[in-house]
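Good morning, colleagues. Please take a moment with the sequence and the structure, and then I shall go through the open spaces, the core and one hairpin.

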Amino acid sequence: VTMDVLGIPVVLTSLAKDTANLRESFEHLPQCIEQFIDKYGPHTFDRIGFNMVPFNAGAMEHATNIAYPVSTIANGSKASETLFAHELAHHWWGNTTTCNSQEEMWLNEGWASYSEALFLEAVYGKARYKSYVEKNHRKVLQFAHARDGQSLPVSGIGWEHTYGSHVYDKGADMVHTLRGIMGDDAFFNACKSFQQKFKLKDVSTTDMEKEFQNFTSVDLAPFFSQWVKEEGFAHFDFHYIIENNGIYAVNLKQTPRFNNEVYQIPLQLTAFDKAFNRYDTTVLIKDKEQEFRIKPGFDAVLWAIDYDEKISDATTTIGHVVDKSGGYIFQEDVLATILIDS
């Protein structure tokens, strides 16, 4: 199967009997290519190739000739299409820029894992992106420390965890958080610049921090030193909220998981009134406990921390609106319910 996407030759190879399934399973590959070029910059190599091979232990991101398990295209299934997104992402994160040591493998695998969500965003929309990120984050919080035998950072870990859950899954979590801190324009401009500046070179987390800092006024040093290079997760709670003449004294405290860090990060706070109108503001949290004075302009009946889930902290939350009486059954992964009186 051959095609041309943005001037790039694309060759998909399988046995003749699997060609129809191959076409159907890879239907969204052109959108994947277009998304990565749009967000990460030009494709480096002279073609993109996927070769169907008879093994079931993942895939391998050889530049221009990705080895891909034929089992994933059975019956034209799209159930594994995030796998081709992951492997293609390595044409940027792994093949164009390459981690300079095994301890920095998150720069290859964490970014490729995050790119799965970016692919889903392009094909199915923002809601699918958020769902994928939420599911991955829940997996990290519940299982990463169990699967790897301990809580770990994503950068600077030992060889025995090079291909562990922290590198792949928490690595993707940290990329999502970096995007949330920087905002889309700054983040993706930094991605493009990083890929071009370090094209066909080996890179470190420090290289990334320095380059990405050029695209934002937010101090990224705390993010890289605390979120990326240290184990554990930030967590923020409301301590108290007191209203006085329309001004709310909002006190936040930090209760991190797996460490005793005092995190510094821009944090979005959201207030809602009874009609579900919202007011957003961003505060810089940098102390174990801090009070902020906020004037939303209405009577706030509900407050939320990081309501849009821009950062991957120590919690997972899913909101539901309940507007009538009756019985409701929530899935076990629903940790937060928003109650609205009808």
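This is a predicted model: local features need pLDDT of at least 70, side-chain atom pairs count only at pLDDT 80 or more; totals for chains, interfaces and linings use all residues.

**Pockets, core and a hairpin**

Five elements, namely α5 (126–147), α6 (165–182), β7, β9 (265–272) and β12 (302–305), each supply at least two residues to the lining of the largest pocket.

The largest pocket holds about 1,100 Å³ of space. Its lining is made up of 42 residues, and those nearest its centre are Ile 305, Asp 306, Tyr 307, Asp 308 and Glu 309. By class, the lining of the largest pocket divides into 18 nonpolar, 13 polar and eleven charged residues.

I turn now to the second largest pocket, with about 470 Å³ of space. Of its 24 lining residues, Glu 116, Tyr 132, Asn 136, Lys 139 and Asp 169 are the closest to its centre. Two or more residues of this lining come from each of α3 (81–89), α4, α5 and α6. Here, too, α5 provides the largest share, in this case seven residues. The lining of the second largest pocket has eight nonpolar, seven polar and nine charged residues.

How many cavities of 30 Å³ or more does the structure hold? There is one, and the volume of the largest cavity is about 30 Å³. Among the residues that line this cavity are Ser 25, Phe 26, Tyr 68, Lys 78, Glu 81 and Phe 84. Four nonpolar, four polar and two charged residues make up the lining.

Phe 26 leads us to the core. The largest nonpolar core has 82 residues, and Phe 26 is among those with the most contacts inside it, as are Leu 29, Phe 36, Phe 50, Trp 106, Trp 111 and Phe 212. Helix α4 (residues 106–124) contributes the most to this core, with ten residues. Leaving aside residues up to four places away in sequence, Trp 111 touches several others, including Tyr 40, Trp 93, Trp 106, Phe 187, Met 208 and Phe 212. Another core, of five residues, lies apart from the largest one; Val 140, Leu 141, Ala 144 and Phe 233 are among its members.

Finally, the hairpin. Strands β7 (residues 236–244) and β8 (residues 247–254) run antiparallel and are joined by eight bridges. Phe 236 stands opposite Gln 254 in β8. Two residues lie between the strands of this hairpin, where Asn 245 takes a positive phi near 55°.

How values were computed: Residues are numbered from 1 along each chain as its sequence is written. Side-chain values use heavy atoms; hydrogens and water are left out. Two strands pair if DSSP finds at least two bridges between them. Helices (H or I, at least four residues) and strands (E, at least two) are DSSP runs, numbered from the N terminus. On a 1 Å grid over the protein atoms alone, a cavity is a set of points where a 1.4 Å probe fits but cannot get out, and a pocket is an open set with protein on both sides within 12 Å along at least five of seven lines; lining residues have an atom within 4 Å of a point. Grid points are joined across faces, edges and corners, and a volume is the space filled by probe spheres set on the points. Ala, Val, Leu, Ile, Met, Phe, Trp, Tyr, Cys and Pro count as nonpolar, Asp, Glu, Lys and Arg as charged, and the others, Gly among them, as polar. A nonpolar core is a set of buried Ala, Val, Leu, Ile, Met, Phe, Trp, Tyr and Cys residues joined through side-chain atoms within 4.5 Å. Buried means under 20% relative accessible area, exposed over 50%, partly exposed in between (1.4 Å probe, protein chains only). Contact means heavy atoms within 4.5 Å.
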